[in-house]
Amino acid sequence: MTESPRKLRVLYVAYPLLPISEHSAGGAEQMLLAVEREMHRRGYSTTVAACAGSHVAGDLFATGGGADNADQFERRSQEQTQALLTWLHGGAAKGLDLIHDMSGGFWQHAEGLPIPVMATLHLPPQLYKHANFSVVPNCVSFNCVSQSQMCEFRDLPRVLGVAPNGIPVEKFIEPLVPTGRREYFVWLGRICEEKGPHTALDVARKAGVKLILAGTVYPFLYHQKYFAREIIPRLKRAGTSARYVPQPIFAEKVDLIRNARALLITSEVNETSSVVAMEAAACGTPVVALRRGALPEVVAEGVTGFIVDDADQMASALSRVREINPEDCRAYALQNYSSRRMADAYEELYCKLMTIQLSRSAAW
């Protein structure tokens, strides 16, 4: 790894809607917290711009109180952006070396800032509905979180490279639950159409197994309508064979995963990574996932789980999860999924970005 010439002063920009903490459901929020915590531990000066009430390792720049309704996202996004720009142009930028944007959109308003901005792309291109990638501010560069995502953004200018996601694996290291004592399968994530929890319920019904569906229904109206239309009827039809656990806190999430026979991932869009697949492997729990985007990069076939092509294959694969050795599964997670390894990758990208910035300054 290339050594950073000095410990940088970094501002992290979070998704603007809700406070962030270890209980946050979104992968981007979890990645921000993991990176910021690790960089702070390494001696970086870290500040996080996020909703009031967020829990971070360094300093918090509170950008507002969040929103009770996700349909207020545009208002909250504008509020956070304006608060940040006022603060930065008011002199705060002089005390920073770079801005690491994980909000999904702040980078679009960065023109004129005197410091470089690196925007992490957490989503596939088609989900950036409000981003204009044809007009990128001069101070902005990007990074991807997987090779498959990098291919999808191959025409985007100023992509610094790939920093694969990671997790604080040490938080998942509890005694392995013997395979024979695990009675149910689990699906965990944001309850929305693109994540496909309805497919998980259909697969469990077809395979005749018990399923626990756990996660958060974000306060977007279309998410709530999806839950009422597709999930509630399936839960009622399943009876005692399926159960819903809303908004599990971190300890509940770990307990659900480590006691499961396997984790199902049923995404309908190309995933750029999968935090929950990493968490499952760290718990010694196999993953059975649809072949979407970067999931074949994350799930080690036959070691941490299986990749399948459709719901019928997934139903058939559930009988094979005993082939996965929990100890091998965890060992792979420790070797490949740690937040320290992710932070190493981001340190290299920070160094690359600062070198580019020095070259630009010299040219000026």
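Below is a working chat about helix packing, cavities and a pocket in a predicted model.

Biologist: Hi! Let's start with α4 and α5. At what angle do these helices pack, and how far apart are their axes?

Modeller: Hello! Helix α4 covers residues 197-207 and helix α5 covers residues 221-238. They pack at an angle of about 15°, and their axes are 10 Å apart. Angles under 35 degrees count as roughly parallel, so α4 is roughly parallel to α5.

Biologist: Nice. Is that crossing left-handed or right-handed?

Modeller: The crossing of α4 and α5 is left-handed.

Biologist: And which residues meet there?

Modeller: From α4 you have Pro197, His198, Leu201, Asp202 and Arg205. They meet Tyr226, Glu230, Ile231, Arg234, Leu235 and Arg237 of α5. By class, the residues of this contact are five nonpolar, one polar and five charged.

Biologist: Good, that's clear. What about α7 and α10, how do their axes cross?

Modeller: The axes of α7 and α10 cross at roughly 125° and come within 7 Å of each other. These two helices are therefore oblique to each other.

Biologist: Who makes the contact in that pair?

Modeller: On the α7 side, Met278, Ala281 and Ala282 take part, and on the α10 side, Cys329, Arg330 and Ala333. That contact has five nonpolar residues, no polar ones and one charged.

Biologist: Take the largest cavity, then. Which residues lie nearest its centre?

Modeller: Glu22, Gln30, Arg37, Pro168 and Phe250 do, out of 15 residues that line the largest cavity.

Biologist: And which helices supply at least two residues of that lining?

Modeller: Those are α1 (27-41), α6 (250-258) and α7 (275-282). The largest share comes from α1, with five residues.

Biologist: What sort of residues are in the lining of the largest cavity?

Modeller: Eight are nonpolar, two are polar and five are charged.

Biologist: OK, and the second largest cavity, what lines that one?

Modeller: Its lining is made of Thr179, Arg182, Ala260, Arg261, Gly284, Pro286, Val321, Arg322, Ile324 and Pro326. Sorted by class, that gives five nonpolar, two polar and three charged residues.

Biologist: Let's move on to pockets. What volume does the second largest pocket have?

Modeller: About 320 Å³ for the second largest pocket. Its lining has 19 residues, and Pro164, Asn165, Met278, Glu297 and Asn336 lie nearest the centre. You've met Met278 already, in the contact of α7 with α10.

Biologist: Last one: how does the lining of the second largest pocket split by class?

Modeller: You get 10 nonpolar, seven polar and two charged residues in that lining.

Biologist: Great, thanks!

How values were computed: Residues numbered from 1 in each chain as written. Predicted model: local features only at pLDDT ≥ 70, side-chain atom pairs only at ≥ 80, totals over all residues. Heavy atoms only, no water. Axes fitted to C-alpha atoms, helices over the stretch in contact; angles between N-to-C directions. Helix = DSSP H or I, 4+ residues; strand = E, 2+ residues; numbered from the N terminus. Parallel < 35°, antiparallel > 145°, perpendicular 65-115°, else oblique. Left-handed = near helix turned anticlockwise from the far one by under 90°. Contact = heavy atoms within 4.5 Å. Nonpolar A, V, L, I, M, F, W, Y, C, P; charged D, E, K, R; others polar. 1 Å grid on protein atoms, 1.4 Å probe; cavity = no way out; pocket = protein on both sides within 12 Å on 5 of 7 lines; lining within 4 Å. Points joined across faces, edges and corners; volume = space filled by probe spheres on them.
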